[in-house]
Amino acid sequence: MRIDAGLSKLLGLSRSAAAGLAEAGDVLVDGSPAGKSDRLMAGSQLEITLPAAEQPLQVVAVPVEGMKILHQDDDIVVIDKPIGVAVHPSPGWEGPTVVGGLAAAGVQIATSGAAERQGVVHRLDAGTTGVMVVAKSEHAYTVLKRAFKERTVEKRYHAVVQGLPDPSRGTIDAPIDRHPRHDYKFAVVTGGKPSITHYQTVEAFRAASLIDVKLETGRTHQIRVHFSAIKHPCVGDLTYGADPVLARRLAITRQWLHARSLSFEHPSGGWVQFESEYPEDLQNALDELRDQDG
């Protein structure tokens with residue numbers, strides 16, 4: 001196995017981080033510096049110098065333009081997340097965050113979880129818009145974390161994918177893990193984490209289809225990876241193989257993917273459901289598809 005791939009598995013690092021250690025001369029194999037593409041052999045002795053621990057990430061209270069609070073009570077706050085907003089701070093991310101926006105709005109959230117992720121019970125990608133819930137009370141954090149883990153939360157997304165999926169209603173059951181060559185992507189990989197996506201076509205056009213998606217699991221980039229794997233990538237999702245010509249025609253600069261609704265047992269009792277309307281760029285692209293077919 002290559003040094004970067006082997007260290008990634010041994011230490012739980014990303015492959016690029018493992019490669020960086022080798023390139024910096026911080027990996028010795030049997031006493032000699034090893035390059036990232038050198039091979040690990042059984043019985044070899046590894047010496048690895050890890051960088052000093054980074055300072056804990058801090059939540060900065062900064063208002064987030066376009067972030068709406070859909071519901072708030074003593075236990076939870078439900079928000080409509082806009083494009084280009086991460087859920088919480090992370091290494092390398094300098095943009096706005098949901099937790100920072102809530103702090104700026106004076107919303108007190110649960111203190112459970114890592115410092116930069118307090119109150120966070122699930123996430124949306126920075127490039128995905130829509131509805132999400134954050135725990136305000138410690139009780140809500142415990143209850144919702146368990147609900148997401150046990151998959152009792154119903155997460156529904158709407159996506160516009162290229163072409164017409166066949167069958168028009170079905171299930172994609174394919175394991176997902178990091179892409180073997182591109183660290184910033186994920187892929188369907190043998191031996192990956194079990195990943196299940198249920199979908200139903202809502203509206204079909206000549207070039208694309210609007211689909212309703214229900215996630216049974218919640219892997220990073222799951223919808224994007226699964227539909228790319230069946231040759232129907234989300235419109236505008238150039239990272240996962242979407243047609244740039246169609247994206248330009250619809251004036252869309254990101255994947256057409258929206259967290260449409262979230263339903264769960266409220267921590268204080270009773271089933272609740274919250275919905276998010278399409279943001280302007282997604283609605284305009286959908287209208288353009290309808291106009292072109294009309």
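The legends below describe close-up views of a predicted model.

Residues are numbered from 1 along each chain as its sequence is written, and side-chain values use heavy atoms, with hydrogens and water left out. Because the model is predicted, local features need pLDDT of at least 70 and side-chain atom pairs count only at pLDDT 80 or more, while totals for chains, interfaces and linings use all residues.

View A. Asp125 belongs to the loop between helix H3 (98-104) and strand S6 (129-135), where helices (H or I, at least four residues) and strands (E, at least two) are DSSP runs numbered from the N terminus. With a relative accessible area of 25%, Asp125 is partly exposed, a class lying between buried (under 20%) and exposed (over 50%) for a 1.4 Å probe and protein chains only. Leaving aside residues up to four places away in sequence, Asp125 touches Lys81, Val85, Thr220, His221 and Arg224; contact means heavy atoms within 4.5 Å.

**View B. Strand S12 and its pairing with S7.** Seven of the eight residues of S12 (residues 208-215) are buried. S12 pairs with S7 (residues 154-162) in the antiparallel sense over eight bridges; pairing requires at least two DSSP bridges between two strands. Glutamine 162 has alanine 208 in S12 as its bridge partner.

View C. S11 (residues 196-204) runs antiparallel to S12, and seven bridges join them. Opposite leucine 215 in S12 stands threonine 197.
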